[in-house]
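Let us walk through this structure step by step.

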Amino acid sequence: MDKIEPIDVQEPWSRVTVDAEAWWRIVLWVAAGNGVMLGLWSDGEAVHMAVARAPDFAPRVLSIACPDGRYPSVGLTHPPALRLERALRDLYGLVPVGLPDERPWLDHGRWGVTHPLGARVPSPDAPLAYAFRPAEGPPMHQIPVGPVHAGIIEPGHFRFTANGETVVRLEQRLGYVHKGIDGLMSGAPLERAAKLAGRVSGDSTVAYAIAFARAVEMASGAEAPARAVWLRAVMAELERIANHLGDIGAICNDASFSLLHAHFGALRERVLRAADACFGHRLMMDRVVPGGVAADLGSEGIGRLRGLLADLRAHLPPLVRIYDDTVSLQDRTVGTGVLTAELARQYGAGGFVGRASGRGFDARRSPGYAPYDQLAFDVPGRTEGDVNARVWLRIEEARQSFAIIEQLLARLPDGPVRAALPPSPEGAEGLSLVEGFRGDILAWVRLGPDGTVARCHLRDPSWFQWPLLEAAIEGNIVADFPLLNKSFNCSYSGHDL
Amino acid sequence: MALILDLAAQGAQMLLVLALAPLLLGFTRKVKARLLMRQGPPLLQPYRDLLRLTRKEVVLADNASWLFRAAPYMIFAATWVAAALVPSFAAGLTFSWAADVIAIIALLGSARMFLALVGMDVGTSFGGLGASREMMFASLAEPAMMMIVFTVALVAGSTQLSTIAEFMLTHGSLRVSLGLALAGLIIVTLAENSRIPVDNPATHLELTMVHEAMVLEYSGRHLAVIEMAAALKLLLYLSLIACIFLPWGIAAPGASPAAYAAGLVAYLAKLTAGAFLMVLFETSIAKMRIFRVPEFLGAALMLGLLGTLLLFVSRSF
C-alpha cells in the first residue's frame with residue numbers, strides 16, 4: 001500500500017488518483033487480508049475506494065478515472081465489493097470489468113430510467129427478471145419471503161433454499177426502498193443535504209448527521225465549537241442506547257419471550273422521552289448540522305439526562321439477569337447463527353456484528369474522532385459470533401455508553417454550539433468515519449459552488465453486514481431466521497440509498 | 001317435558017361454548033398484556049374482530065379449489081360439535097351419550113386434516129411450511145392424547161366424559177397415573193392450541209408460524225370461522241381438563257336449574273383459573289426451537305404411556 005504511484009493527490013486528506021495497475025495492486029492487497037475496504041463509490045467520472053488497515057484504520061481513498069465508463073472490478077477478487085459494484089452499475093452505468101455477476105442490484109426496472117446518475121436513458125417501467133441462484137438436488141425447495149412481510153418492518157426479499165427445515169442457501173434481494181439519496185444530494189444546498197443525510201436510515205439519524213457534518217467541516221476547513229462536538233457525542237450515545245435497548249427486547253420477542261420485549265421497550269421509551277425533553281426531538285433528527293448543533297443543552301437538560309442514566313443503571317441489571325437466567329431463551333440464542341471471525345474480518349463487518357465475531361474495530365477508538373479521544377471507555381468484544389454474543393455485546397455497549405455520557409456531562413465545555421461555515425473553495429472534499437449503533441458510517445462529500453453539495457456518498461454499515469447474514473444462516477433452521485435477522489438488524493433504507 | 005328440558009340444556013351448552021370462546025381468548029390476551037405492564041385490548045375485542053371479519057370481503061387466490069372455500073365451515077362445525085360434547089356446567093346432557101372422548105379426538109383430527117390440506121391448497125410456501133410442521137406435531141400429539149385418554153379410561157372404566165366426571169366426583173382420589181395424565185394433557189393443550197412454547201398465536205414472523213401459516217391465505221368470513229374454531233378449540237381443551245380433573249360443581253344429569261347455575265359459576269371459575277395459569281406459564285418461557293417440540297410432545301406421550309403401564313402394574317396407582 002505504501003508503494004502506490006499517485007497520479008494526483010487530493011488534499012487535505014489522502015485521496016490519490018491511481019492507474020489501473022496500482023488499483024489492481026491495492027485490490028489484491030486488500031483481498032489478501034492486509035487491509036479492509038471501507039467503501040466503494042463514484043462521482044460519475046471516477047470510482048473511489050476507501051481502504052484502511054489495522055491498527056489505526058485511517059481511511060485512505062484511491063480513485064481511478066473511468067473515461068470510458070469502465071474500471072477493473074474489485075468484487076472479482078474481493079467479494080465484499082460485489083453489491084457496491086452492482087449498485088454503481090445500476091446508478092451510473094459504470095462497468096466493473098471482470099465482475100461475474102451481471103444482475104442488477106438496486107434497479108428493479110421500476111425507475112422509468114436506467115443509470116439515473118449517468119446517461120439517464122428512459123426505459124419502460126417494467127419489473128426486471130431476476131435470476132436467483134438455483135437450488136439443486138431433489139429434496140431442495142425454495143421459500144420466497146417478502147418484500148411485504150406480515151409485520152411492520154422494512155421491505156426486503158429473502159429467497160431461502162431449504163432442505164426440510166434446514167437452510168441450504170439464503171439469497172437476499174434489496175433495493176425496495178431506494179430513495180435516490182446520491183442524486184438528491186447532488187446540487188442540494190447544505191441545509192437540505194444535512195436533512196437528507198439524517199434521513200438515510202432513520203434509526204441512525206444522529207450518526208448519519210454527524211458523519212455528514214464532519215465531512216462537510218473537513219471539506220470547508222471549519223471546525224465545530226468544542227461544546228457542539230461534545231453535545232453531538234451525547235446525542236450519538238443516547239441514540240446508541242435507545243437502539244440497543246429496543247433491539248435486545250425485539251430479539252427476545254422474536255423468540256416469543258415478550259416479557260423482556262415489554263420491559264426493554266419501556267426502557268427505550270424513557271431514553272426517547274429524555275431526548276425529546278433535552279433536544280426537542282425523540283430521535284434527535286436534524287439536531288446535528290454542519291458547523292455545530294441546532295440545540296443546546298441547559299442545566300435542566302443535564303439534570304434530566306443524569307436522572308435517566310441513574311434510572312437505566314437501576315433497571316437494566318434485573319432485565320439482563322432475566323435474559324441470562326431464562327433457560328428457554330438461552331436455548332434459542334446460544335449457538336444460533338454463528339458468524340465466523342474470518343468472514344467478519346474479510347467483510348470488515350462494523351459494529352456489534354463484527355465485534356461479536358472477534359473484530360476489534362470501533363471507529364470511535366480508531367481512527368477515532370473528537371471527543372472520544374478524550375474519554376475513557378472500553379470496546380467490548382466477543383468471539384463466539386452467535387446471537388447470544390451479539391445480544392451481550394449490545395448490553396455491554398449500552399453500559400459503556402452510560403459511562404461515556406456521564407463523562408461528557410461532567411466535562412461539557414462552555415461556549416457557542418454553532419459556528420458559521422467559511423465559504424469553501426468549489427470542489428473541496430471531505431471524508432469521515434463515524435460509529436453509529438450499527439457500525440461505521442462512511443461519509444464522503446464534495447462541495448459545489450455557493451454552499452451546495454456537488455456530490456455526496458453515505459455508506460451504511462449494512463453494506464458489509466447483509467452478505468454476512470446470508471452466510472450466518474447457512475445450516476440453521478428456517479424458523480430461526482427471524483431471530484438471527486433481528487440480531488444483525490441491518491438497515492434496509494441505509495443500504496438501498 | 002323432561003325431553004324438552006334436556007334438549008334445552010343441551011342447546012344452552014352448545015350456545016354457551018360458542019358465546020364463551022371469544023371471551024376466553026380476550027381474557028388470555030388481557031391477562032398477558034397486564035402481565036407485561038400493558039393496557040391490553042378490551043375483553044370483548046375478539047367479538048369485534050370476528051364481526052369485522054364477517055363484514056369484510058373475501059379475497060381468494062385464483063387457484064383456490066372448492067375445498068379451500070368449504071374447509072373453514074367443516075373445520076368450524078367439527079370443532080364446535082367437539083366442544084359442545086365436553087361437559088361444561090352439566091354432565092350427562094342428551095348428546096353426551098352420542099360420543100365419547102375418542103370421538104372428540106377424531107373430530108378434532110378431521111378438522112386438523114382439513115386445515116393442513118387447505119394450507120397446501122393455494123400452493124404458497126408458508127401454507128406448506130405450516131402444514132408440514134402441524135403434521136409433525138400432530139403425529140406426536142395425537143398418540144399422546146390417546147395414551148392420556150386410555151389412562152383416564154382405565155381408572156374410570158369408561159371413555160364417556162360424563163361417566164368419567166361422575167366417577168371422579170364419587171371415587172376420585174389422588175393417583176399417580178392421573179397426575180401423569182394431567183401433566184401430559186397440559187402439554188398437549190399447549191401444543192394443540194398453538195400456544196408458547198410450541199407456537200406463538202401473536203407472532204408476525206411468517207417463518208416461525210405453524211397454525212397462522214396455514215391460515216395466512218384466508219380472509220373475511222372464512223378467516224372469521226377459522227378464528228372462531230381456534231377459540232373453540234382452546235375452550236374445549238380447558239373444559240376437558242376441568243371436566244376430567246376438576247369435576248367439582250358440575251351438575252348431575254337431570255339436575256335443577258339452580259344446580260345448573262351453580263355448575264355454570266364453577267365452570268367459569270375453572271376456565272378463568274386455567275386460562276390465567278396458561279398465560280402465566282407462557283409469559284415465563286420463550287418459544288422453543290421447532291425441533292425441540294417433538295421432545296416436548298414426546299414427554300406427553302411418555303407420561304400417558306407411563307400412566308397406562310402403571311395401571312397395569314396395580315389398579316391402585
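Both faces of strand S15 of chain A are covered. On one side sit Glu429(A), Leu431(A), Leu433(A) and Glu435(A), and these are buried. The model is a predicted one. The strand covers residues 429–435, and seven of its seven residues are buried, so the rest of the structure largely encloses S15(A).

Now look at the partner of this strand. S15(A) pairs with strand S16 of chain A, residues 440–447. The pairing is antiparallel and has seven bridges. Within the pair, Ser432(A) lies opposite Ala443(A) of S16(A). The two strands make a hairpin, with four residues between them. In that turn, Gly439(A) has a positive phi of about 150 degrees.

Next comes a sheet elsewhere in the chain. In chain A, three strands form an open sheet in the order S10-S11-S12, with antiparallel pairing. S10 and S12 of chain A are at the edges, where each has a single partner strand, so one side of each lacks a neighbour in the sheet. From one strand to the next, the twist averages 20 degrees.

Strand S11 of chain A, residues 157–163, has one covered face and one uncovered face. Phe158(A), Phe160(A) and Ala162(A) make up the covered face. His157(A), Arg159(A), Thr161(A) and Asn163(A) make up the uncovered one.

S11(A) has a partner on either hand. Strand S10 of chain A, residues 140–145, runs antiparallel to S11(A), and six bridges join the two. Here Pro144(A) faces Arg159(A) of S11(A). Strand S12 of chain A, residues 166–173, pairs with S11(A) through seven bridges, again in the antiparallel sense. Thr161(A) has Arg169(A) of S12(A) as its bridge partner. S11(A) and S12(A) form a hairpin with two residues between them. Gly164(A), in the turn, has a positive phi of about 70 degrees.

What radius of gyration would a compact globule of 497 residues have? The value would be near 23 Å, and chain A has 22 Å, which agrees. Of the 497 residues in chain A, 51% are buried. Among contacts between residues at least 6 apart in sequence, 65% join residues at least 24 apart.

Turn now to chain B and a pair of its helices. Helix H9 of chain B covers residues 220–245, and helix H10 of chain B covers residues 257–283. Their axes come within 10 Å and cross at roughly 115 degrees. The crossing of H9(B) past H10(B) is right-handed. From H9(B), Leu238(B), Ile241(B) and Ala242(B) make the contact. From H10(B), Tyr267(B), Lys270(B), Leu271(B), Gly274(B) and Ala275(B) take part. By class, this contact has six nonpolar, one polar and one charged residues.

Last, see where the chains meet. How many residues of chain B touch chain A? There are 22 residues of chain B in contact with 26 residues of chain A. The side belonging to chain B has 12 nonpolar, six polar and four charged residues.

Terms used
Residues numbered from 1 in each chain as written. Chains lettered and ligands numbered in written order. Predicted model: local features only at pLDDT ≥ 70, side-chain atom pairs only at ≥ 80, totals over all residues. Contact = placed C-beta atoms within 7 Å. Nonpolar A, V, L, I, M, F, W, Y, C, P; charged D, E, K, R; others polar. Buried ≥ 20, exposed ≤ 12 C-beta atoms within 10 Å, placed from the backbone. Pairing = 2+ DSSP bridges. Rg over C-alpha atoms; globule rule 2.2 N^0.38 Å. Axes fitted to C-alpha atoms, helices over the stretch in contact; angles between N-to-C directions. Left-handed = near helix turned anticlockwise from the far one by under 90°.
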